[in-house]
Amino acid sequence: CSTDCQKADWGIHKATCGTKSTTSRKNDSANEKTKKLPDGSMRWTEEETSRMEKLIKSKFINVYKILYVLDQKAADMYKQRNPQCEHGHSGMADEHNHTHGTDHDHKHDHDDHKNKEDNEIEIAFTEKLLMKTLEPLNFRPLLGRILDKMGGMFQNIVAKGKKDGLKLDTKTEKQILTTMMEEGVRREIISWINIEYRKDEAISGKQPLLIADPRGKESEQLNFLYGTTIESLVKKNYAIQDKYLGLDWSRKVKEEIEYLEFDGKFEEVMQQKMMGVRNDKVLTLKAKEIEEHQERYPGLHRLIEMMMLLPYELNKKVILGLQVWDMISINCFMNGGYYKKHTDGGYGSLDNGRKITAVYFLDSSPKSKIPAPLKLYQNNETEAYDEVETKSDRLLLYKSRKVAHEIPVTEGKRFAFSLWIPGPPHDDDTF
């Protein structure tokens, strides 16, 4: 189909992809009659829409591969339940039966119920969002956008080929279309999931029951930040504190994170790499995961434990209403790595719940190579920025909604451990 073929709501199809015979229904008496609208557009029947939906899902959607781009842990959990998922496509029927049981399976004993509950717990939040996206109510509106974009791209490729004197045979056209569809479907689904995830984060950022209440912590646990650090955060929108862990602990963290990187635990953020936004590698860790393996990773356990206390300490010393968050994102910037200018949060429609970003740096470069400083912008509109060296054992705090930042092209190698602390925005937009 051409770029004008699909309308946004997927309910309308316009015959612009060839002769009028492409929309002929003479030999399709079993189908409902296709209604012709005043502008000549053809409205698809429910049966036609359903048929296209099934075709796209069966041919171009691989749940495992989509999850792998979004969240490797979620992909691994899915793969454990679906060992053949790497080689097939959606596999949605099998997954549905696995999760919900069959129609005739009504009677279970107590252990059966417990096992079923345990299985449901093992379904990652990212996978739940993906399955929600693939429901007809959400997926069908995506079909129009997918086919519209892919149709336009295909027509451009054909036109460019003709201009360059290249003739595409049917086999080549089919290969091009297949590749484009697989990529286009994946991108649209990932984009939709990212939007839904931001909505969920924004909602969580306004829940009062998640407040990091300092009254439940010992005073010595909430005494790591200097008064000058907090003053700078409030007045300058960002703050720097060196020797956050201390030399011995930072060395342990460096050894442990180097091992995890060498062991292939970091993954590229493929959709953003393809868009040229970034080319670093990422590892996401939950506090509970490190706590369960603290004997093997004492340095990481110490660092994450201290970072998880930050919202409690900040709430104790400044009235911020920060909330609990139990996940650390670790970025590995190799030689040539970068992350273009962006903000972690925002206001209004851009609000994803993030209020304070805490970043701990480790420089793993040879002495001959010094990574370019991080650039901090007071907002997205200005080109003026402050430079912050990303040297080892340095903690950087900044306001997620107000401060944009950029990692210039790296010479050497560095790690950044990020904690996005949620909380509601202030009425005066100071946070």
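**Entry 1: the whole chain**

I began with burial, and 43% of the 431 residues of the protein chain count as buried. A reminder to myself: the model is predicted. I then looked up the secondary structure, which comes to 14 helices and 14 strands. Among contacts with a separation of 6 or more, 77% are between residues 24 or more positions apart.

**Entry 2: helices α13 and α14**

Two packed helices are described by the angle between their axes and the distance between the axes. I looked up both values for α13 (residues 298–308) and α14 (residues 310–317): the angle is about 30°, and the axes are 4 Å apart. Angles under 35 degrees count as roughly parallel, so that is the label for α13 and α14.

Which residues make this contact? On the α13 side I found Met306, Met307 and Met308, and on the α14 side Leu310, Pro311 and Tyr312. Sorted by class, the contact has 6 nonpolar residues, no polar ones and no charged ones.

I stayed with α14 to check its burial. Of its 8 residues, 6 are buried, so the helix is largely enclosed by the rest of the structure. My list of the buried ones reads Leu310, Pro311, Tyr312, Glu313, Leu314 and Asn315. What covers them? The cover includes helices α9 and α13 together with strands β9, β12 (394–399) and β14.

Alanine 212 lies in the loop between α8 (170–204) and α9 (227–236). Its relative accessible area is 0%, so I noted alanine 212 as buried. Leaving out residues up to four places away in sequence, alanine 212 touches Pro311, Tyr312, Asn315, Leu322, Gln323 and Val324. I also looked up the spacing to valine 324: 112 residues in sequence, but 5.2 Å in space from C-alpha to C-alpha.

**Entry 3: aromatic pairs**

A pair of aromatic rings is described by the distance of the centres and the angle of the planes. My search of the whole structure gave 5 aromatic pairs. In one of them, tyrosine 64 with tyrosine 68, the ring centres are 5.9 Å apart and the planes stand at 45°, so I logged the pair as tilted. Both tyrosines belong to helix α2 (residues 63–70), where they are 4 residues apart, about one turn of the helix.

I then turned to phenylalanine 266 and phenylalanine 415, which form a tilted pair with 6.0 Å between centres and 50° between planes. This one joins distant parts of the chain, as the partners are 149 residues apart. Phenylalanine 266 is in the loop between α10 (247–262) and β5 (267–268), and phenylalanine 415 is in strand β14 (residues 414–422). I found both phenylalanine 266 and phenylalanine 415 buried.

I also noted a cluster in which ring pairs link Tyr244, Tyr360 and Phe417.

**Entry 4: charges over rings**

The charged end of lysine 217 sits over the ring of tyrosine 312, at 4.7 Å from the ring centre. Arginine 354 has its charged end over the ring of tryptophan 420, at 4.0 Å from the centre.

**Entry 5: serine 364**

Phenylalanine 415 came up again when I checked the contacts of serine 364. Serine 364 is in the loop between β9 (354–363) and β10 (374–377), and it counts as buried at 15% relative accessibility. Beyond residues up to four places away, serine 364 touches Lys254, Glu258, Lys413, Arg414 and Phe415.

**Entry 6: positive phi**

Asparagine 237 has phi near 75°, a positive value in a residue other than glycine. Asparagine 237 lies in the loop between α9 and β4 (238–242) and is buried at 11% relative accessibility. Lysine 243 is not a glycine either, yet its phi is about 55°. Lysine 243 sits in the loop between β4 and α10 and is exposed, with 69% relative accessibility.

Terms used. Residues numbered from 1 in each chain as written. Predicted model: local features only at pLDDT ≥ 70, side-chain atom pairs only at ≥ 80, totals over all residues. Heavy atoms only, no water. Axes fitted to C-alpha atoms, helices over the stretch in contact; angles between N-to-C directions. Helix = DSSP H or I, 4+ residues; strand = E, 2+ residues; numbered from the N terminus. Parallel < 35°, antiparallel > 145°, perpendicular 65-115°, else oblique. Contact = heavy atoms within 4.5 Å. Nonpolar A, V, L, I, M, F, W, Y, C, P; charged D, E, K, R; others polar. Phe/Tyr/Trp six-rings, centres within 6.5 Å; stacked < 30°, edge-to-face > 60°. Buried < 20%, exposed > 50% of the residue type's maximum accessible area, 1.4 Å probe, protein only. Lys NZ or Arg CZ within 6 Å of the ring centre and 35° of its normal.
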